[in-house]
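Please consult the sequence and the model shown below while reading.

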Amino acid sequence: MARAIWKGAISFGLVHIPVALNTAVRTERVDFDWLDKRSMEPVGYKRVNKVTGKDIDKENIVKGVEYEKGRYVVISEEEIRKARPEATQTIDIFSFVDAGDIPLQHFDTPYYLSPDRRGGKVYALLRETLASTGKVALATVVLHTRQHLALLRPLEEALVMITLRWPEEVRGLETLELDSSVTEAKVDKRELDMAKRLVEDMSGAWSPDDYHDAFRQTILDLVEEKASKGKIEMVETGEASATEKGADIIDLTELLKRSLGGKGGAAGKKKPAPEKKPAKRTRKAS
């Protein structure tokens with residue numbers, strides 16, 4: 001049984017339903033470990049032999065996949081390159097399925113698609129075809145050297161691509177080991193009617209602008225308040241220490257500076273924006 005990562009309750013009105021939060025997916029990727037090719041001893045990412053504690057030159061490091069406990073199969077860089085999918089720069093549609101057929105736990109990362117090079121008419125044709133048939137397109141696409149399963153679906157005037165988890169990455173509901181109190185529950189009609197009325201009373205339109213990260217906003221307000229009072233510390237930046245080399249370390253101050261500069265996060269990876277001189281910020285609700 002999957003271990004719960006959080007326990008609490010679902011609450012609506014005066015009703016509380018105790019629940020445990022479980023991961024619905026797992027990552028099934030090949031994990032390459034560094035090894036000292038002279039002794040097949042594990043090497044840390046700081047290029048240190050974990051057994052001897054000695055530094056390792058780059059040319060003495062090979063990649064291995066753990067086949068059994070303590071036993072590795074060495075894979076060469078050439079073999080890795082050959083195994084990678086060809087980056088075709090295309091989204092290859094191979095099937096169409098009903099929009100409701102794909103369970104939500106298979107969904108991964110959404111992307112917006114926009115027409116390019118006078119492709120608007122065909123783009124609109126696919127969008128309207130999907131909208132009128134109630135279908136989504138299944139496709140494969142290579143992003144950052146990794147092949148993804150994906151679906152395409154219409155969203156208002158646009159098309160959206162959502163990468164999907166491969167089936168072996170999704171845990172089944174049987175991992176919850178639901179007992180008969182749930183699977184064979186006999187719901188009282190009177191209680192069900194009351195619950196339905198409560199849902200109807202609390203129903204409303206989806207309005208994303210009404211929802212905000214209170215913690216983030218509180219921190220930003222606190223930063224702005226302290227900055228306005230001159231409570232700003234100058235930090236000397238120097239060479240990373242030996243314990244920090246090889247890791248991307250970004251502290252809270254830097255993240256807040258970016259937020260104050262209006263550089264919010266977005267789906268997908270973006271190149272970091274160039275640093276700008278400090279400027280007065282007009283803060284928007286997030």
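Strand S10 (residues 146-155) pairs with strand S11 in the antiparallel sense, over seven bridges. Strands are DSSP runs of E with at least two residues, helices are runs of H or I with at least four, and both are numbered from the N terminus; two strands count as paired if DSSP finds at least two bridges between them. The model is a predicted one, in which local features need pLDDT of at least 70, side-chain atom pairs count only at pLDDT 80 or more, and totals for chains, interfaces and linings use all residues. Residues are numbered from 1 along each chain as its sequence is written, and side-chain values use heavy atoms, with hydrogens and water left out.

**Strand S11 and its partners**

Strand S11 covers residues 158-164, and six of its seven residues are buried, where buried means under 20% relative accessible area, exposed over 50%, and partly exposed in between (1.4 Å probe, protein chains only). On S11, strand S8 (residues 107-113) also pairs in the antiparallel sense, over five bridges. Individual residue pairings are listed here.

| Residue | Partner in S11 |
|---|---|
| Tyr-111 | Met-161 |
| Leu-151 | Ile-162 |

S10 and S11 belong to an open sheet of five strands, ordered S7-S9-S10-S11-S8, with antiparallel pairing. Strand S7 (92-98) and S8 stand at the edges with a single partner strand each, so one side of each has no neighbour in the sheet. Neighbouring strands of this sheet are turned by 30° against each other on average, direction ignored; the axes are lines fitted to C-alpha atoms, for helices over the stretch in contact, and angles run from 0 to 180 degrees between N-to-C directions.

**Ala-150**

Ala-150 lies in strand S10. This residue has a relative accessible area of 0% and is therefore buried. Leaving out residues up to four places away in sequence, Ala-150 touches Ala-137, Leu-138, Ala-139, Val-141, Met-161, Ile-162, Thr-163 and Leu-164, a contact being heavy atoms within 4.5 Å. The C-alpha atoms of Ala-150 and Ala-137 are separated by 8.2 Å, with the two residues 13 apart along the chain.

**The chain as a whole**

The secondary structure comprises six helices and 11 strands. Helix H5 (residues 214-228) has 15 residues and reaches 21 Å from its first C-alpha to its last. Just after H5, Gly-230 takes a positive phi of about 80°. Of the 286 residues in the chain, 15% are buried. Among the contacts with a separation of 6 or more, 56% join residues 24 or more positions apart.

**Confidence**

The pLDDT, which is the predictor's confidence in each residue from 0 to 100, averages 75 over the chain, and 69% of the residues score at least 70. Over residues 235-250 the pLDDT is below 50, and this stretch has seven contacts in the model beyond near neighbours in sequence. Residues 263-286 also have pLDDT below 50, with 18 contacts beyond near neighbours in sequence. Where pLDDT is low, the predicted coordinates should not be read in detail.

Terms used
The expected span of a helix is 1.5 Å times one less than its number of residues.
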